[in-house]
Amino acid sequence: MTRNGARPLAVFDIDGVLADVTHRLHHLRARPQRWERFFAAADVDPLLEEGAERLRAARSDHDVVYLTGRPERNRRLTERWLAEHDLPTGPLFMREDDDYRPARMMKREVLRLLAARREIASVIDDDPAVVQVLEADGWPVELATWLPHSSTLQDAQESKGRT
């Protein structure tokens, strides 16, 4: 037990860490981009076993939370997907529907709010820009490399503020 008598937090991103998004990236390559279709197709994302194994291992001595750039309107879909893969369904911190900031800024803000109440033991994210910012802030962060990071997804996370 640590601060406030609670176990430290292990923070997991979803897309690119637990969920394989490659099958739906074509929606972001389209012009115009088809954001609603991109998110709607998340219900059939394959599970990334490396991420799932790390999450299961973390649960032995940490409380697990999710910090995702997915919009809030996709909460039920995301919770169903987690449950279907025998993963805890929360706590789940998501992007507000009208928040289009880069993922690195949105996630930094949420992480600071979490850290005000709980110790952050680890953060795993697949976005190099997120990892760079969090690392510079001194957080114990790891870049998930088990799914090659897509430039299409990186553009969506950084310049479009969508995931």
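1. Let's start with the sheet. Five strands make up an open sheet, ordered β3-β2-β1-β4-β5, with parallel pairing. Strands here are DSSP E runs of at least two residues, helices are H or I runs of at least four, and both are numbered from the N terminus; two strands pair if DSSP finds at least two bridges between them. The edges are taken by β3 (92-95) and β5 (141-143), each with a single partner strand, so one side of each has no neighbour in the sheet. From one strand to the next, the twist averages 20°.

2. A word on where this comes from. The model is predicted: local features need pLDDT of at least 70 and side-chain atom pairs count only at pLDDT 80 or more, while totals for chains, interfaces and linings use all residues. Residues are numbered from 1 along each chain as its sequence is written, and side-chain values use heavy atoms, leaving out hydrogens and water.

3. Within the sheet, have a look at β1 (residues 9-12) and β2 (residues 63-71), which pair in the parallel sense over four bridges. Valine 11 has valine 65 of β2 as its bridge partner.

4. Next, the helices against the sheet. Helix α4 (residues 75-84) lies across β2 and β3 and runs at about 140° to β3. Helix α6 lies across β4 (120-125) and β5, at about 155° to β5. For these angles, axes are lines fitted to C-alpha atoms (for helices over the stretch in contact), and the angle runs from 0 to 180 degrees between N-to-C directions.

5. Helix α6 also meets helix α5. The axes of α5 (residues 103-115) and α6 (residues 128-136) come within 8 Å and cross at roughly 40°. The two helices are therefore oblique to each other (under 35 degrees would be roughly parallel, over 145 roughly antiparallel, 65 to 115 roughly perpendicular, and the rest is oblique). Ala103, Arg104, Lys107, Arg108 and Leu111 of α5 make the contact with Ala129, Val130, Val133 and Leu134 of α6, where contact means heavy atoms within 4.5 Å.

6. Finally, is leucine 55 buried or exposed? This residue of helix α3 (residues 49-58) has 0% relative accessibility and so counts as buried (buried is under 20% relative accessible area, exposed over 50%, partly exposed in between, with a 1.4 Å probe and protein chains only). Leaving aside residues up to four places away in sequence, leucine 55 touches Phe12, Leu18, Val64, Tyr66, Leu87 and Pro88.
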